[in-house]
Every structure is written in structure tokens, then in C-alpha cells.
Amino acid sequence: MSISRPLAILVLTLASACAAPPAPPPPRPQPILDPDSACLRDLRDRRVAFEPQAAIGAGGCSIANPVKVSGGASMGWNRPGVVSCAMARTVETFEAQVVAPIAQRVLGQRVVRLVHMGTYDCRNRRTETSVAAAARGEGSRGGRLSEHSRGQAIDIGGFELADGSVVSVKKDWKGAGKRSEFLQQVARASCDHFNVVLTPNHNRLHADHLHLDIGPHRLCGY
Ligand SMILES: [Zn+2]
């Protein structure tokens, strides 16, 4: 005796419904990936204040080994910032080998705080054209992702000195004083450590900060 075709379909459907896997559990937080433990170890050895973060990966924006940095060995940060471990290492070198000695030499004092305006940020590169288009409400389609979206960039607005004053890129870049000289020397020497260095000399979008990144492009624009 054979079962009818509709009945067979019903039986199969019920069977497969019963065998269906249960609803997937809610996504668990991603574990901290550590593809570059030598880098994390290096940050610890160099006494960088940081916390490893879960891997960031969304769209084109991703960081395999992000860390949240709140300060280097010689100077704090005005607020924590998320960067790749490799970038954290480069910024630490920059603070120790560029900022600190130039501050001593030119200003005769210590930098106690790096004042940054942004680190990781999932966004496209801002150009004068794209910013003007966005201001006209045209959105910012196209364009390539900023190195900020890979945790490979930092925007530095200034440096707080031991006497409590702040050397500001916006206020002090231009001019003939020692503060300007300090910033100019820092920017010039940054090109030995970062692949891209953009300053107020580059365009109006950088009038108030130094953009430093370790992305694949090369531009020393001090
Ligand atoms: Zn930037």
C-alpha cells in the first residue's frame, strides 16, 4: 500500500518542520581576536595605557586588533580613542620620539596631554568637494573610506603642556612664535613615522588639526 502524494508531502513537511534547527541564539559579543599578540605585548612593555577591544568588522570598516588607548607612557590623551594595535604603537613612538623631545627643545617643557579630535570613525574620506556636496544635502556617495574607518588614523588638535596651556593647531600653526615652530617641527618629523601627514597647509578641512595615518598612501603635506 502506498500513501497518496499530498499526504507524503504533508508528512515530509511536518518531518522537516520538526527537524528544523532551533532559532539561532542572540549574537554573542565577538571575542577579542589577537592576531598580533606581539603588538599587544609591545604596547604593554612600552607602558601604553590601553584596553584590547573586540574585533570591529562592519562593511568596509574593520579593525582586526583594535585597542582603546587612554594615554602613552609619556603623555595622557584628552579622551580614549580606538585605533589598531599597529597604529597605537606608531603613535606611542611619535609621542616619545617626536613630540616629547621637540617640546623640550623648542618650548622647554613637557607635553602632558595629547589632545586628539578623533580616531576610529566609520566614514568616507572628507574632501572639500564631498563636504560641500554634503552641505548642499547631496550626501556623500562614492569616495573611498577614510583611514579612520580602519583605525589607522588620528586627528590631533593640539598638545597640553606642563604649565597647563594648550598649543593649538588652530590658533598656533600660523605665526612666527615658538608654538608655531613646535607644531611645524612636529608635523615635519611626523612624516618619518606616518604615511600620510596633513596639516592646515593642506586645505581648509585641516585648519584645526593634524591628520596622521599609517594607511597605504603616502603624502607628507606639512
Ligand atoms: Zn583625519
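Analyst: A disulfide is counted when two cysteine sulfur atoms lie within 2.5 Å. By that test the structure holds three disulfides. This is a predicted model, where local features need pLDDT of at least 70, side-chain atom pairs count only at pLDDT 80 or more, and totals for chains, interfaces and linings use all residues. Residues are numbered from 1 along each chain as its sequence is written, and side-chain values use heavy atoms, without hydrogens and water.

User: Which handedness does the disulfide of C39 and C85 have?

Analyst: The torsion about its S-S bond is about -105 degrees, so the C39 and C85 link is left-handed. C39 lies in helix α2 and C85 in helix α3, so the pair ties together parts 46 residues apart in sequence. Helices are DSSP runs of H or I with at least four residues, strands are E runs of at least two, and both are numbered from the N terminus.

User: Switching to the metal. What coordinates the zinc ion?

Analyst: H148 (NE2), D155 (OD) and H211 (ND1) coordinate the zinc ion, at 2.0 to 2.1 Å. D155 is in strand β7 and H211 in strand β10, so that pair ties together parts 56 residues apart in sequence. Donors are N, O and S atoms within 2.8 Å of the metal (3.2 Å for Na, K and Ca); water is not among the atoms, so sites may look incomplete.
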